[in-house]
Amino acid sequence: MKTLWRLALVAAVVAFLAALMGSWTRINGAGLTCPDWPLCHGKLIPSFADGTIWEWSHRLLAFLVSPLVLAVVVVAWRYRKAPTPIGFTMYLIAALFVVQILLGAATVYLSNSPISVVLHWGTAMAFVAALVAISIFARVLCTSRPSAPDANRNEVALAGMLAGTTLIAFVTMCVGAYVSSSGAGLACLSLPGCAGKIVVYTDGQYVQMLHRFVAAAALLCAAASFALAFVWRASSRVRIAVSLGSFFIFVQVLLGLLNVTLRLPIDLREAHAANAVFVFLSFVVATTFASLDILPFRRPVAG
């Protein structure tokens, strides 16, 4: 079990770095510097001029994830029939990894179209979240032997609230990826309306305002989750994760405002993308811990 949680954690970190490198590559306009796949300009190691180093580095990190995922699946296989979420999460990780590889190729052949970018980014985030979840499951189940808890309504409601907040944070990230990849980042230059108007007209303005609305919903849900976690006396691990998520989401709002005010500087755009992942993963962790607090998982016996 210790091997599983360590492998999954390392895989999650490398996958996270690969996703951020992919975001940085696209933001810097280097997303198509390797016009073919899986090679780059027909070579395993191409010339690194004209930004090719970024795209090649992204692919290298993605490649390094492969043996880590294989190791996670192999180690998790022995626990697949145990009465824990490890088996299901293992299958989910394997499926998402295959889909992510296919979407990586699709983004190249579709010239980084907004839809392909959103699908690629969203799948990457779900993949990282699954790795984080299985790492937590393995870590908790190898260090304690929980009995079947007597969950009350507040605990169940909080777990549902956290799951909803996680979902909204995920949707916000995906809409944000569409805004960025479609060039709509500066479609609205005023607040709270768009271009000084409440009613918007262009496609870019519509998607920008949609991003703002779902971001506002994520902020409200995060605030509600934070309040409920303390009012209902959630476990300390849930409260810590929710507190981190709430902190990151306020930072995210600030970064969003600065991006518009300063006209999308590259460093701030990447910080906005990276912090969005921190928001999402914080609530993934909170939801996972809340689920462990209410569901009757039993510690699996090592085979």
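## The loop between α1 and α2

P38 sits in the loop between α1 and α2, where helices (H or I, at least four residues) and strands (E, at least two) are DSSP runs, numbered from the N terminus. The peptide bond from W37 to P38 is cis, with omega near 10°. Please keep in mind that this is a predicted model: local features need pLDDT of at least 70 and side-chain atom pairs count only at pLDDT 80 or more, while totals for chains, interfaces and linings use all residues. Residues are numbered from 1 along each chain as its sequence is written, and side-chain values use heavy atoms, leaving out hydrogens and water.

H41 also lies in the loop between α1 and α2. Although H41 is not a glycine, its phi is positive, at about 55°. H41 counts as partly exposed at 44% relative accessibility; buried means under 20% relative accessible area, exposed over 50%, and partly exposed in between (1.4 Å probe, protein chains only).

A disulfide is a covalent bond between the sulfur atoms of two cysteines. Here the term covers a pair of cysteine sulfur atoms within 2.5 Å, and a search of the whole structure finds 1. C34 and C40 form a disulfide with their sulfur atoms 1.9 Å apart, and the link is left-handed, with -80° about the S-S bond. C34 is buried at a relative accessible area of 0%, and C40 is buried at 2%.

C174 is in no disulfide, as the nearest cysteine sulfur, that of C221, is 16 Å away. Seen from C221, the closest cysteine sulfur is in C174, and 16 Å is too far for a bond. C174 is buried, with a relative accessible area of 13%, and C221 counts as buried at 17%.

## The nonpolar cores

The largest nonpolar core has 70 residues, and those with the most contacts inside it are L4, I86, I93, M125, F127, L162 and V238. Such a core is a set of buried Ala, Val, Leu, Ile, Met, Phe, Trp, Tyr and Cys residues joined through side-chain atoms within 4.5 Å. Among the elements that give two or more residues to this core are α1 (2–27), α3 (86–109) and α8 (266–294). The most comes from α4, with 17 residues.

I93 touches V69, V72, F127, A130, L131 and I134, not counting residues up to four places away in sequence; contact means heavy atoms within 4.5 Å.

## Aromatic pairs

A search of the whole structure finds 9 aromatic pairs. Rings of Phe, Tyr and Trp (its six-membered ring) pair if their centres lie within 6.5 Å; planes under 30 degrees apart count as stacked, over 60 as edge-to-face and the rest as tilted. F48 and W56 form a tilted pair, 5.0 Å centre to centre with 50° between the planes. F48 is partly exposed, with a relative accessible area of 35%.

The rings of W77 and Y91 have their planes at 85° and their centres 6.4 Å apart, so this pair is edge-to-face. It links distant parts of the chain, with W77 in helix α2 and Y91 in helix α3, 14 residues apart. W77 counts as partly exposed at 41% relative accessibility, and Y91 is partly exposed at 46%. Elsewhere, ring pairs link F16, F247, F248 and F278 into a cluster.
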